[in-house]
Amino acid sequence: MTITRRTLIGASTAMLAGAPALAQESWYPLTSADGREIVNFRVPVELETELSELDNVFSSGSERADVTLIEIFDSNCPWCRRAAADMRALALADIDLRITYVNAPALGLGSFQAAKVEYAVKKVAGAQKCLSFHHAFMSLRGPLDGVRALGIAKDMGLNAAEIEEIADDPATGAVIRDAARLARALNLAATPSWLIAGTAIIGYPGRPALEAIVRDVRQCDKPVCG
C-alpha cells in the first residue's frame, strides 16, 4: 500500500527522536490515588495555546466548557490506550469539561502513519468523525499503523481512497511533524502527557487523579488548591 512505502521514504528521523529530559522537581504537590508523585511543571500559556491550535487537534465536550484538558498521545502508547476509555467516560460524565487531543507521535513509523491517517479523517469527515475514529482506533490491540488506521476508516464508511491520498500528501506529514516537534519542545514527548491551567502533567495518573485536578482548577484555577 502506498502510504507505507511513501511514508517510509519521507519519514523524518528527527521527528522520531526520543524526548528530552523532563523537569527534575514537580511544580505542584500532586499525587495519584495510590500515593505516587505526579510529575508536573509549568508551561507558558502562549505555548499551551499554540499546542491547542495545531491543525491536527480535535476535541470532545462543549466549546463553552469552563475547563479544558489537553492530552498529548501516541497511537502505540499502551497507557494512552488505557486512558482513552477513561477520557471518553470522563467527557460523558462532565459536560462542562472539554478534552482536546493532540496526536504527537514519538514511538516510531507506525505511529507517524497512524497520525497522518487520523488527520486525513479530520480533513475529509470533520472533527466529530475524527473523534469517533480515535475512539475506535485506540480500542484496538497490537501495533497500530497506517494500514490498520485506513481499515478503521473504511469500516466507518469513509472514503478510504480519499483519506489515503490526503495522508500521503507531504503537507500532512509536515502537520504531524509540527505537532511532534512542539510536544518535544515542551518536554511532552513522553506520552500520555496532559496540559491544564498552564501546567504539564507527565504520564497517566488515572481518572480519579485527573478528576481531582479538574475539580481544583474549577475552584482555584490551579491543579491543586491550598
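Reply: What follows covers the sheet first, then the helix across it, the loops and the nonpolar cores.

The model is a predicted one. Its sheet is open and consists of six strands, in the order β1-β6-β5-β3-β4-β2, with mixed pairing. The edge positions are taken by β1 (40-42) and β2 (58-60); each has a single partner strand, so one side of each is left without a neighbour in the sheet. On average, neighbouring strands are turned by 25° against each other, direction ignored.

Strand β2 pairs with β4 (residues 97-103) in the antiparallel sense, over three bridges. Within this pairing, Phe58 has Tyr101 of β4 as its bridge partner.

One helix lies across this part of the sheet. Helix α3 (residues 78-93) lies across β2, β3 (67-73), β4 and β5 (193-196), and runs at about 160° to β3.

Asn187, in the loop between α8 and β5, has a positive phi of about 60° although it is not a glycine. Pro192 lies in the loop between α8 (170-185) and β5 as well, and the peptide bond leading from Thr191 to Pro192 is cis, with omega near -5°. Another non-glycine residue with positive phi is Asp221, at a value near 65°. Asp221 belongs to the segment after α9 (207-220) and is exposed, with a relative accessible area of 57%.

In soluble globular proteins, nonpolar side chains tend to be buried together. Here the largest nonpolar core has 44 residues, and those with the most contacts inside it are Met87, Val117, Val121, Phe133, Ile163, Trp194 and Ile196. Helix α3 supplies the largest share of this core, six residues.

For Val121, the contacts can be listed. Leaving aside residues up to four places away in sequence, Val121 touches Gly126, Lys129, Cys130, Phe133, Ala153, Leu158 and Ile163.

Technical notes. Residues numbered from 1 in each chain as written. Predicted model: local features only at pLDDT ≥ 70, side-chain atom pairs only at ≥ 80, totals over all residues. Heavy atoms only, no water. Pairing = 2+ DSSP bridges. Helix = DSSP H or I, 4+ residues; strand = E, 2+ residues; numbered from the N terminus. Axes fitted to C-alpha atoms, helices over the stretch in contact; angles between N-to-C directions. Contact = heavy atoms within 4.5 Å. Buried < 20%, exposed > 50% of the residue type's maximum accessible area, 1.4 Å probe, protein only. Core = buried A, V, L, I, M, F, W, Y, C linked by side-chain atoms within 4.5 Å.
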